[in-house]
Amino acid sequence: MSASEPSSSAPQARLRVASLRQTGETPFSLEPKASARDDLARALGIEGIRKLRFTGTVSPRGRDSWELKGKLGATVVQACIVTLDPVNTRLDVDVERRYMPGHRFESPDAGTEIEMPEDDSLEPLGEVIDLEALMAEELTLSLPPYPRKDGVGLESAQFAEDGVAPMTDEDVKPFAGLAALKEKMDKGDTES
């Protein structure tokens, strides 16, 4: 989606913090048009987004912090991981964010371990709250990682070149033969 082209029917895809109500809730509602949904589906690597709606409110919390509470509803189409047939999934996600000034994320050096904060709803407060970016982020996090068509399961599969016997799970268990040999030896000891 290009930044210059509005992708939703609502003009408020980016809320200027300075324009938010100081004493009450500021409602919002985003419902991207078909072309914007198609662009987002391509960016996410899925087959399609049939419906997408993000609604909620932004409320002041204290002197300079804000709280966003919303609901993301979507119907997405993904390829089944077994058959590659289209799979429709309905998503209904509650969204909560707290925007605080001075809250920064330090980017760790490569290979450095970091602890994730307990409260993953905290966000740094800038000049705008980008509802469109938040909607895309929540949709991405909510997609089923392994979509499957109803009634389709993963069966065991065996692959090998022509003329070669495929390996089974039993073939790759190194101690299976020893266990069988031990069992045979134990039977021999009991018969004597």
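## Salt bridges overall

Searching the whole structure turns up 10 salt bridges, a salt bridge being a side-chain nitrogen of Lys or Arg within 4 Å of a carboxyl oxygen of Asp or Glu. This is a predicted model, where local features need pLDDT of at least 70 and side-chain atom pairs count only at pLDDT 80 or more, while totals for chains, interfaces and linings use all residues. Residues are numbered from 1 along each chain as its sequence is written, and side-chain values use heavy atoms, with hydrogens and water left out.

Side chains of opposite charge can pair when their charged atoms come close. Take R61 and E67: they form a salt bridge, with the closest N and O atoms 2.9 Å apart. R61 is partly exposed at 44% relative accessible area, whereas E67, at 15%, counts as buried. (Buried means under 20% relative accessible area, exposed over 50%, and partly exposed in between, using a 1.4 Å probe and protein chains only.) Then there's R90 with D92, whose closest N and O atoms are 3.1 Å apart. R90 is partly exposed at 46%, and D92 is partly exposed at 47%.

R97 and E138 also meet through their side chains, in a salt bridge of 2.6 Å from N to O. This one ties together distant parts of the chain, since R97 sits in strand β5 and E138 in helix α2, 41 residues apart. R97 is buried at 6% relative accessibility, and E138 is buried at 9%. E137 joins in too: R97, E137 and E138 are linked in a network of salt bridges.

## Strands β3, β4 and β5

Helices (H or I, at least four residues) and strands (E, at least two) are DSSP runs, numbered from the N terminus. β4 pairs with β3 in the antiparallel sense over 13 bridges, and β4 also pairs with β5, again antiparallel, over 14 bridges; two strands pair if DSSP finds at least two bridges between them. On the β5 side, Q78 has V87 as its bridge partner.

Both pairings come with hairpins. Three residues lie between β3 and β4, and G62 in that turn has a positive phi of about 80°. Six residues lie between β4 and β5, where L84 in the turn has a positive phi of about 70°. As for burial, 12 of the 15 residues of β4 are buried, so β4 is largely enclosed by the rest of the structure.

## The nonpolar core

The largest nonpolar core has 29 residues, and F54, L68, I129 and L139 have the most contacts inside it. Such a core is a set of buried Ala, Val, Leu, Ile, Met, Phe, Trp, Tyr and Cys residues joined through side-chain atoms within 4.5 Å. At least two of its residues come from each of β2 (26–30), α1 (34–44), β3 (48–61), β4 (65–79), β5 (86–100) and α2 (131–142).

L68 is a handy place to start looking around. Leaving out residues up to four places away in sequence, its contacts (heavy atoms within 4.5 Å) include F28, F54, V95, R97, I129 and L134.

## Helix α2

The buried residues of α2 are L131, L134, M135, A136, E138 and L139. At the start of α2, a side-chain oxygen of D130 comes to within 3.2 Å of the backbone nitrogen of E132.

Note on methods: Polar contact = N/O pair within 3.5 Å; in protein donor to acceptor, adjacent residues only side chain to side chain.
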